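Hi everyone, thanks for coming.

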Amino acid sequence: MTAVGASTLLEPGSAGALRPTGGGVGHRAIVATRRLLRSSRMVIGLVLLVFFVLVAIVGPHLVGNPNAFVGPSMAGPSARFWLGTTMPGQNIFYQLVDSTSGTLEVGFLAGALATLVSVVIGIGGGFVGGYVDELLALFSNVILIIPGLPLIIVVASYVKSSSLLPTILIIAFTSWAGYARVLRGQTLSIRNRDYVLAARVAGEKTWRIIFVEILPSELAVIVSNFIFMVIFAILTQSTLAFLGIGDLSTLTWGNMLNVANNDEALTSGAWWWFVPPGLCIALVGTALALVNFGLDEILNPRLRVYKAPKVRR
Amino acid sequence: MSGDAALDVRHLTVEFIQRSGPKLRAVDDVSLTLYPGATLALVGESGSGKSTIVRALGRLLKPSGGEVLLGGRPSTLHRSDVREYRRHVQLVFQDPFASLNPAHTVAHHLARPLLLHAQATRRDVAERVEALLRSVNLVPPGDIARKYPHELSGGQRQRVAIARALAPSPQVLLADEPVSMLDVSIRLEILNLLDELKSERDLAMLYVTHDLATARHFSSEIMVMYRGEIVERGPSDEVILSPSHPYTQLLASAAPMPGATRSALAAARRTRQGARAVRDAERREATVETGCKFRRRCPHAMPQCASRPPDVETAPGHSARCWLFDQGAR
Ligand SMILES: Nc1ncnc2c1ncn2[C@@H]1O[C@H](COP(=O)(O)OP(=O)(O)OP(=O)(O)O)[C@@H](O)[C@H]1O
Ligand SMILES: [Mg+2]
């Protein structure tokens, strides 16, 4: 493949088979996948992410009970306890694996919820306009002005629950506003573009105009917002947990850090207890950030990296 | 006039609410009629309200007064009525770079209106799309249909936009400066295409333009608009060659006619620039006022001009809204 071929492949549609009618879905997927794989950041990020998701799904079935007291207190890594044990003698490796699903759950649920709210309020308000828009914009601004973390701490320390749901709801509720503003601004500028007016003249229904004519132009922003909100949610839950706020009974990496801190793992040099969960948080964050950069590279022509063509002999 | 009116617009008024000051009356009591197979040109300087008329007729904004009869029937805001109206009244936008969605293929742009107005079924929509593309001379239609707007030239895009407007098989086509954003070399091609389509399909066409020369060439009747009002209307040749209203005279003298010399062009530019200063000053003033709106720029301004001028017929079918032609006033 030549350099020209490589760059034109990235242009939407130049691959030539993107038909609006149902037929070419399979082909479309292939073209999209091929485009994704062209970004090395995207590939690394995706591989990492898929790895963590797999661990979250199948991991708990492969390891033993993470809460059982099975070994000596604060033992370092060994053949029997790969990542050592906790103060009361629990297997840290089991805990690490078991925490993956809880942590990712917080991230993705809070991220999805915040994205949904920002899309509905930002795009809905921007499209509808008038009083509805003014009210929604005011609401977003109020939420935006309220300092996020302090509010989360206050609310989370009042709500007593043995599930992560309140934490998820609070994180989502405090983090959507900035993105809603961005989306509103975009929608306002797109709403009166001629092609949207033309769709109205053609007789398209309102919901179809929003979803088919406006949303595709904002998809890149929405996806990138979502990814950042996932990162933000994971970090926030970890911070809260470290401070001992929110549900501490479900295992997450943040909760592991909290227990490790309480049991003075940091001061006694039991690095095997606090380094692995910290590292996992950092790795998931990096993976998500890489995916986001990769998407940007693919969707934003100005950031495309030139790649020398591979020569096959 | 020949035949029955396709679109009859009576006393159309459009007002915009401004942040400060009184309402801006962008279109003031305008009546016009479009006939099948005929083109009516609407000319006037920037800001006179031409696009606002088109948008109101395209139901993109709500008029504050007046009525619109489609085929003699008033059309309400009822959902099914709006749909029926849209099937018959279509728009071509000014800027083909803005009027096509960059996220969708040409096929999408044409298939949607075809399906929405039951002009095609899921099964034959691809064929109908190709037929539409052929009717606007975009060949080979199969290749063009798969392309995205950014892969087409301005002229090609405007052809796609025209094809989209034709998709529901409308009776009325409203073209708002359809060639002003295009390269000079292809303007005539597009105008000729519109003209052919008008004859083939018996379309009633409204052609909005700044360009008096093409207005005269492509339309049978011309209306001249000034600050929301129609100040003169009549057969094209008459309006251009023997304009009655002082404003039309100004337009005609400021417009470079084909074959104009370099110095004539420079003089025309000076006239236009002088006019712009006055115009800007005017626009800052209150917008709802009595009397002739042109009187501050008019070389023939008289005391009566402070009250609303009448529409006077200066020749059969040719009228001007000006006190100069009122018999009693001289
Ligand atoms: N959405 C709107 N809100 C407020 N005022 C508007 C709006 N649209 C148009 N106007 C005003 O209405 C007047 C008529 O505008 P319009 O766009 O119809 O002029 P035009 O004759 O089409 O001009 P051009 O030749 O530049 O296209 C202008 O003074 C304009 O500022
Ligand atoms: Mg205009």
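I'll begin with the conventions, then go to the contact between the chains, and finish with salt bridges inside each chain.

This is a predicted model, so to speak plainly about cut-offs: local features need pLDDT of at least 70, side-chain atom pairs count only at pLDDT 80 or more, and totals for chains, interfaces and linings use all residues. Residues are numbered from 1 along each chain as its sequence is written, chains are lettered from A and ligands numbered from 1 in the order in which they are written, and side-chain values use heavy atoms, leaving out hydrogens and water.

Now the interface. Counting contact as heavy atoms within 4.5 Å, chain A contributes 23 residues and chain B 31 residues. About 2300 Å² is buried between the two, 55% of it from carbon and sulfur atoms; that is the accessible area (1.4 Å probe) lost on putting the two parts together, summed over both. On the chain A side, A:Asp194, A:Tyr195 and A:Val201 lose the most area to chain B, together 26% of what that side buries.

How many salt bridges are there between chain A and chain B? Two, where a salt bridge means a side-chain nitrogen of Lys or Arg within 4 Å of a carboxyl oxygen of Asp or Glu. One pairs B:Arg55 with A:Asp194, with the closest N and O atoms 3.8 Å apart.

Over all chains, the count is 19 salt bridges. In chain A, A:Asp133 and A:Arg184 meet at 2.7 Å, N to O. A:Asp133 sits in helix α5 (residues 130-145) and A:Arg184 in helix α8 (residues 177-191), so this pair ties together parts 51 residues apart in sequence. Helices here are DSSP runs (H or I, at least four residues) and strands likewise (E, at least two), numbered from the N terminus. A:Asp133 is buried at 5% relative accessible area, while A:Arg184 is partly exposed at 25%; buried is under 20%, exposed over 50%, and partly exposed in between (1.4 Å probe, protein chains only).

Over in chain B, B:Arg321 and B:Glu229 form a salt bridge at 2.9 Å between the closest N and O atoms. They link strand β12 (residues 318-321) to strand β10 (residues 229-235), 92 residues apart. B:Arg321 is buried at 8%, and B:Glu229 is buried at 11%. Both belong to a salt-bridge network that also includes B:Glu15, B:Lys23 and B:Asp311.
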